[in-house]
Amino acid sequence: MTEELTRFIEARLDEEADLARRCDGDGCGEWSAHGHTVDFCQVDLAGFHPTIALHDPARVLREIEAKRRILARHARDPWPCHDLRDLASPYTDHPDFPARAQSGAVHE
């Protein structure tokens, strides 16, 4: 089960990393968030809430790398530990989400 869940999480992280890379200069222009201002294609767009910085492609890629390190530490656990289940939880509505991962049973 851990292997199946690990592959599922890796696939989602790959998708998110690909999107972040494409949105940072390859198709939708370079952009970065600075407080209430977003620099996009050399144009400042003021008035954005500061949380827009959470979607800065560079930040997204750093977060994905951190998740990959967590995943690597637990990829060989005999049963998905709480950390893996937490990493997978944002994707529960994905059609490929492993059915067994949805059950509440976690072996300690």
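A nonpolar core is a set of buried Ala, Val, Leu, Ile, Met, Phe, Trp, Tyr and Cys residues joined through side-chain atoms within 4.5 Å. In this predicted model, the largest such core has 15 residues. The residues with the most contacts inside this core are Leu-5, Phe-8, Ile-9, Leu-13, Leu-71 and Leu-84. Helices α1 (2–22), α2 and α3 (82–88) each supply at least two residues of the core. Helix α1 gives the largest share, six residues. In soluble globular proteins, nonpolar side chains tend to be buried together.

With residues up to four places away in sequence set aside, Leu-13 touches Ile-64, Lys-67, Arg-68, Leu-71 and Tyr-91. Leu-71, one of these partners, is itself among the core residues with the most contacts.

Helix α2 was examined next. The helix runs over residues 57–74 and has 18 residues. At 1.5 Å a residue, α2 should span 26 Å; the C-alpha atoms at its ends are 26 Å apart, so expectation and model agree. The buried residues of α2 are Pro-57, Val-60, Ile-64, Leu-71 and His-74. These residues lie on the same side of α2, because they cover an arc of only 95° around the axis. An α-helix has 3.6 residues a turn, so residues three or four places apart point the same way. The face of α2 turned away from the buried side carries exposed residues: Arg-62, Ala-72 and Arg-73. Two of the buried residues of α2, Ile-64 and Leu-71, are also contacts of Leu-13.

Aromatic side chains were then considered. The structure holds two aromatic pairs. Phe-8 and Tyr-91 form an edge-to-face pair, with 6.1 Å centre to centre and 80° between the planes. This pair links distant parts of the chain. Phe-8 sits in helix α1, whereas Tyr-91 sits in the loop between α3 and α4 (99–102), 83 residues apart. Both Phe-8 and Tyr-91 are buried.

Phe-8 also pairs with Phe-97. This pair is edge-to-face as well, at 5.2 Å centre to centre and 85° between the planes. Here too, distant parts of the chain are linked: Phe-8 in helix α1 and Phe-97 in the loop between α3 and α4, 89 residues apart. Both Phe-8 and Phe-97 are buried.

Notes: Residues numbered from 1 in each chain as written. Predicted model: local features only at pLDDT ≥ 70, side-chain atom pairs only at ≥ 80, totals over all residues. Heavy atoms only, no water. Helix = DSSP H or I, 4+ residues; strand = E, 2+ residues; numbered from the N terminus. Expected span 1.5 Å × (residues − 1). Buried < 20%, exposed > 50% of the residue type's maximum accessible area, 1.4 Å probe, protein only. Arc of directions from axis to C-beta. Contact = heavy atoms within 4.5 Å. Phe/Tyr/Trp six-rings, centres within 6.5 Å; stacked < 30°, edge-to-face > 60°.
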